[in-house]
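Dear colleague,

Here is the structure you will be taking over. Please look through the sequence and the model first; notes on what was found follow below.

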Amino acid sequence: MEIKWIIFLILDTCFGLNEFYSSTDHMTQLIDIKKDVSQYLQFYISSLENQTDLLKRALQGLDSISDDTSKDPEKFISNPLTAYKFVRQLRNVGTTIQKITKTNISKDLDMLLSKTQLLPNENNLDGIAVAIIRLQELYRLDPKDMTGLESHSALSPDGCFHIAVIAHQNQQFQCAILWIQETMRKLHEGAEAVVTKENVLTLLTSIQFDVCNLHFALGVTQLLMHNDNLNLKTILQPAYTNSLIENIKNLDGMQHFITPFDTSALHRPMQNGYEALCRGQGIKMNPKRQKKLVCRYMTGEGSPQLIYAPAKEEEEWDEPLILRYHDIISLSEIEVIKRLSRPKLARAKVSDPVTGKFVYTTVRVSKSAWLSNDESPVVARVNQRLADITGLDMNTAEELQVANYGIGGHYEPHYDSMVANGLPFTEKRIATVLLYMSDVEVGGATVFPDIGAALPPKRGSAVIWFNLLKSGEVDTRTLHAACPVFVGSKWVANKWICCRGQEFRRRCTLSKSD
C-alpha cells in the first residue's frame with residue numbers, strides 16, 4: 001500500500017520567525033545574517049583576545065615578583081625598599097586585573113547572541129531535506145546527479161546521510177536507499193565525515209524491518225551479506241536473518257545480486273498525472289486542437305482602459321477555457337508588490353477538509369501575504385486592470401494574495417472554488433486570476449491533472465480560468481497544482497473572485513454541463 005506523504009504540523013517554532021526554507025526570498029536573508037554573525041563573532045573574538053593578553057600580562061607580573069621568603073619572611077618584608085617594590089608590583093597586578101574585570105565584553109557577547117538567534121534551526125535543515133526528497137521523487141533524480149550540479153553545492157557524506165535519515169523517517173525508503181548509496185560512495189572515496197560506514201549500515205538494517213517489498217528487503221539484506229566490514233548476524237535477529245538467507249537461496253530466478261539502487265524502484269504511480277505533467281509528460285493537447293487556439297488583442301466590453309491599451313490575450317486551453325494575458329503587469333509594479341509583501345510573508349496554510357480550520361501542511365510549501373488597495377496605488381491599479389480583462393465585479397473579490405515559494409516549494413492538486421466547507425454559494429470563488437511575477441528556471445509550472453494541461457510561469461503574464469460552471473457546480477476539470485520549484489525563485493499573486501456580484505456579468509444556466 002502506497003503511503004501518501006502528507007504531514008500536518010502544529011504551530012510551533014517550526015513555523016516561527018526562523019523558518020526560512022518555505023520562501024526563497026527569506027532564504028536570501030540568510031546571506032546577510034551570515035555576514036552579521038561573522039562580523040559580531042570577530043568582534044567578540046577580538047575582545048576575548050584583548051582580555052587574554054591582559055590576563056597573561058597580570059600572570060607575568062605575578063611571576064616576576066621576587067618572593068624569596070624561604071629563609072626569613074619577616075626579614076624579607078621588613079626591608080623598606082623591598083616592601084615598597086613588592087607592594088608596588090602587587091598593586092600593578094591588581095590594577096591590571098581590575099581593568100580586566102571592568103572591561104565589558106558582555107555587550108559584544110549579547111550582540112553576537114542576538115544575531116545567532118536568527119540562524120536557521122534544525123527544522124529548517126529537515127525542511128530542505130524533505131524538499132530535496134520531494135524533488136528527487138517527482139523529477140526522478142539520482143543523488144549523484146543532484147550533488148554534482150555545481151562544485152560548491154556538493155554534499156558531504158554527513159549531509160547525504162542526514163537526507164537518508166529524513167527520507168527513512170518519512171517512509172520514503174527508495175530515496176533513503178539512494179542517499180545511503182551516495183553516502184557510502186563518498187566514504188569509499190575517502191571524504192572526511194563524522195558518520196561511519198557502521199552508522200550507514202545500521203540505518204540500512206532498520207529499513208529492512210519497515211519495507212513490505214520482499215525483493216527490496218532481500219536486496220538490502222544481500223548488500224549487508226556482501227559487506228566484509230560487518231557481520232550480518234551481529235545486527236539482525238537470528239531468526240529474521242536465517243529466514244531472509246533461505247529466501248535468497250530459494251527465490252526462483254534470483255541468480256544475480258539484487259540491488260535496491262535501481263532508480264526504476266523510485267517510480268511510483270502518478271495520481272491524476274500531476275507528477276508526470278510536472279516533468280513535461282502526459283500533456284493532452286494535440287495538434288488539431290492546438291490549431292484552433294488563437295491570440296488576439298482584447299478590448300473588453302467597452303472598457304476605456306482596454307480600448308486605449310488592448311490586452312494581449314492568448315488561449316492556453318480550450319476545454320475548459322484557460323486564458324493567458326501577456327504583459328499585464330510591469331516590472332516596476334512587480335517590484336512594488338514584492339516590496340510591500342516582504343514584511344508580511346508568513347507560512348501559507350490550507351483548509352483542513354475535516355475540521356475546516358486552516359493548518360500548516362507539507363501539501364503547500366510557500367509563504368504568502370495579503371495586500372489591499374489601500375496599501376498602494378499600484379495594488380489598486382493592478383486590481384482594476386484584472387477587473388477590466390475579466391469583466392467581473394471586484395468589490396466582493398478577496399484581497400490580492402502574494403506568494404513566494406521556497407526550496408522545492410509546491411502546492412499539491414487542489415480546487416480553488418471553495419475555501420472551506422459550508423460556505424454559502426455567494427462566497428465561493430467563481431474565478432481565479434494567477435499573476436506570474438517571476439520566471440522559473442526549472443519547475444514551478446501550473447498543471448491541471450484531469451485535462452493534461454501544463455502552464456509554465458512567464459513573468460508579467462496572468463492566467464485566468466473559471467472554477468465554477470455556469471450552472472454553479474464545481475468544474476472538476478479545474479483541479480490544479482503548483483509543481484515543485486527545482487531551480488529559481490517563484491513569485492505569484494492570486495486574485496480570487498467570488499460569486500456575489502457576478503449575477504449579471506456571468507449569467508447562470510439551467511444545464512449542469514455548461
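Helices (H or I, at least four residues) and strands (E, at least two) are DSSP runs, numbered from the N terminus. On that basis the protein chain has 17 helices and 18 strands. This is a predicted model, in which local features need pLDDT of at least 70, side-chain atom pairs count only at pLDDT 80 or more, and totals for chains, interfaces and linings use all residues. Residues are numbered from 1 along each chain as its sequence is written, and side-chain values use heavy atoms, with hydrogens and water left out.

The chain as a whole

Of the 514 residues in the protein chain, 46% are buried (buried means under 20% relative accessible area, exposed over 50%, partly exposed in between, with a 1.4 Å probe and protein chains only). The chain exposes about 27,600 Å², and carbon and sulfur atoms supply 54% of that area; accessible areas come from the Shrake-Rupley method with a 1.4 Å probe, and for residues only the protein chains shown count as cover. A contact means heavy atoms within 4.5 Å. Among contacts between residues at least 6 apart in sequence, 76% join residues at least 24 apart.

Cysteines

A search of the whole structure finds one disulfide, a disulfide being a pair of cysteine sulfur atoms within 2.5 Å. Cys 278 and Cys 483 form it, with their sulfur atoms 2.0 Å apart. The link of Cys 278 and Cys 483 is left-handed, with -85° about the S-S bond. The pair links distant parts of the chain: Cys 278 lies in helix H13 (residues 274–278), while Cys 483 lies in the loop between strand E16 (480–482) and strand E17 (485–487), 205 residues apart. Cys 278 is buried at a relative accessible area of 11%, and Cys 483 is buried at 1%. Cys 499 is in no disulfide, and the nearest cysteine sulfur, that of Cys 498, is 7.3 Å away. Cys 499 counts as buried too, at 7% relative accessibility. Cys 295, by contrast, is exposed, with a relative accessible area of 59%.

The nine-stranded sheet

Nine strands form an open antiparallel sheet in the order E2-E3-E4-E15-E11-E18-E9-E8-E5 (two strands pair if DSSP finds at least two bridges between them). Strand E2 (295–298) and strand E5 (346–347) each have a single partner strand, so one side of each is left without a neighbour in the sheet. H17 packs on this sheet, touching E2, E3, E4, E8, E9, strand E11 (429–436), strand E15 (462–466) and E18. The direction of H17 makes about 125° with that of E11; axes are lines fitted to C-alpha atoms, for helices over the stretch in contact, and angles run from 0 to 180 degrees between N-to-C directions. Within the sheet, strand E3 (residues 311–317) and strand E4 (residues 322–326) run antiparallel and are joined by five bridges. Lys 312 stands opposite His 326 in E4.

Helix H16

The buried residues of helix H16 (residues 331–341) include Ile 334, Val 336, Ile 337 and Leu 340, and also Glu 333 and Lys 338. Their cover includes strand E8 (366–371), helix H17 (377–390), strand E9 (400–405) and strand E18 (491–498).

The four-stranded sheet

A further open sheet has four strands in the order E10-E16-E13-E14, with antiparallel pairing. Strand E10 (411–414) and strand E14 (453–455) are its edges, each pairing on one side only. Strand E13 (residues 446–448) pairs with E14 over three bridges, and Phe 448 has Ala 453 in E14 as its bridge partner.

Regards
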